[in-house]
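Take a walk through this fold, one packing contact at a time.

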Amino acid sequence: MSMYRNAIWFLNGIHQYTRKGYEAASKDFEHQDLNVSVVGRSFMVTGANSGIGRATAMAIAKKGGTVHMVCRNRDKAEEARTDIVNESGNTIRKVWEFAESFRKQYPSLNVLINNAGCMVHKRELTAEGLEKNFATNTMGVYVLTQTLIPLLQKSRDPRVITVSSGGMLVQKLQVNDLQSEKGHFDGVMIYAQNKRQQVVLTQQWAKANPVIHFSVMHPGWVDTPAVRSSMPQFHHMMGDRLRSVDQGADTVVWLALSRVASRTCSGQFFQDRKRVPVHLPLAWTHSSAEEIQSFITQLETLAEAIQLQPDVDLNGPLSPSRPQFV
């Protein structure tokens, strides 16, 4: 990563990604965009027990939507479910098996929100040999989305929203080391690379599935449990300049509920309810068609291998064969 690109990104972040950045952007929001009822529509939110995922689930439940919460920890999920039911007056069905079993069990899914993620600072492998950051942030998102696309295609106004990060702007898609086996292992940069991968995936899904509206977004710098545990120095440095979880979730909710959002071009990257570029000015982060195809082919090969292993565990959050979800 160049020093120039790093400096431009951070300065941009201080102005746009913080609480003040949200407050400035929100002055232009059309608040009637969220004056909607989504009774009868179903939503799946991964990583819904805390942070942005929980705030998103709460907002959707308050609008009357049926929310399927996908969580790694059952106890935390039950606690979150109880709070959301009590505050919103809505109910949330328990979901114990995912992907194929979900598709067979439920007649429709209107919106999939890929929010779950992790940042591991040393190279660790899942049981089947996938690097954990890649397994959760990229491979898990790929497997879940690909498996649910047929169900989404049958639903009314289907949407897929993936919570990415502005950190992806400092990364070019790297197709020769998806498992982070080469060079120095930097958890922050690997996380940013995974988030670039999510942007590329969203663009490719949008091209291949015109019936579904795909979008990817940056929530800003948000005060979440994940940021506190994974980036304690950054959390301490930014302090009260970090956004609240509701502010971080705002664009996710807007993309999930707003009629205006569904009329935007599919496959775009959003920040504070606006489409924004996926590359910094003059940045060498663009990928060739050959690089993108290589990336997709590698994911397809890994997914096929995973399907042949019934007990595979993508670090917990997205395994269709293990009943760990609420």
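Predicted model: local features only at pLDDT ≥ 70, side-chain atom pairs only at ≥ 80, totals over all residues.

**Helix packing and its surroundings**

Helix α7, residues 187-208, packs against helix α12, residues 289-307, at an angle of about 95°. Their axes lie 11 Å apart. An angle from 65 to 115 degrees counts as roughly perpendicular. That makes α7 roughly perpendicular to α12. On the α7 side, the contact is made by Q197, V200, L201 and Q204. On the α12 side, I292, F295, I296 and L299 take part.

Helix α12 has another partner. Helix α6, residues 132-153, packs with α12 at an angle of about 85°. Here the axes are 10 Å apart. α6 and α12 are therefore roughly perpendicular to each other. From α6 come F134, T138, M139, Y142 and V143. They meet F295, L299, E300, L302, A303 and I306 in α12. Look again at F295 and L299: they meet α6, and they also belong to the contact with α7.

Now step back to the whole chain. The protein has 12 helices and seven strands. Of its 326 residues, 55% are buried. Among contacts between residues at least 6 apart in sequence, 77% join residues at least 24 apart.

Is T202 buried or exposed? Its relative accessibility is 1%, so T202 counts as buried, the cut-off being under 20%. Leaving out residues up to four places away in sequence, T202 touches T162, F214, S215, V216 and G267. Three of these neighbours, F214, S215 and V216, fall within the strand β5, residues 213-218.

Next, helix α2, residues 19-26. Which residues of α2 are buried? They are G21, Y22 and S26. These residues cover an arc of only 125° around the axis, which puts them on the same side of α2. What covers them includes α1 and α10, the latter spanning residues 245-257.

The aromatic side chains come next. The structure holds 10 aromatic pairs. One of them joins Y17 and W221. Their ring centres are 5.3 Å apart, and the planes stand at 80°. The pair is edge-to-face. It links distant parts of the chain, 204 residues apart. Y17 lies in the loop between α1 and α2. W221 lies in the loop between β5 and α8, the latter covering residues 225-230. Both Y17 and W221 are buried. The two rings also belong to a cluster: ring pairs link W9, F10, Y17, W221 and F234.

Another ring has a charged neighbour. R273 lies over the face of F29. The distance from the ring centre is 4.1 Å.

P277 lies in the loop between β7, residues 274-275, and α12. P277 has a relative accessible area of 60%, so it is exposed, the cut-off being over 50%. What does P277 touch, not counting residues up to four places away in sequence? The answer is L169 and F269. P277 and L169 are 108 residues apart in sequence. In space, their C-alpha atoms are 9.1 Å apart.

Note on methods. Residues numbered from 1 in each chain as written. Heavy atoms only, no water. Phe/Tyr/Trp six-rings, centres within 6.5 Å; stacked < 30°, edge-to-face > 60°. Helix = DSSP H or I, 4+ residues; strand = E, 2+ residues; numbered from the N terminus. Buried < 20%, exposed > 50% of the residue type's maximum accessible area, 1.4 Å probe, protein only. Lys NZ or Arg CZ within 6 Å of the ring centre and 35° of its normal. Arc of directions from axis to C-beta. Contact = heavy atoms within 4.5 Å. Axes fitted to C-alpha atoms, helices over the stretch in contact; angles between N-to-C directions. Parallel < 35°, antiparallel > 145°, perpendicular 65-115°, else oblique.
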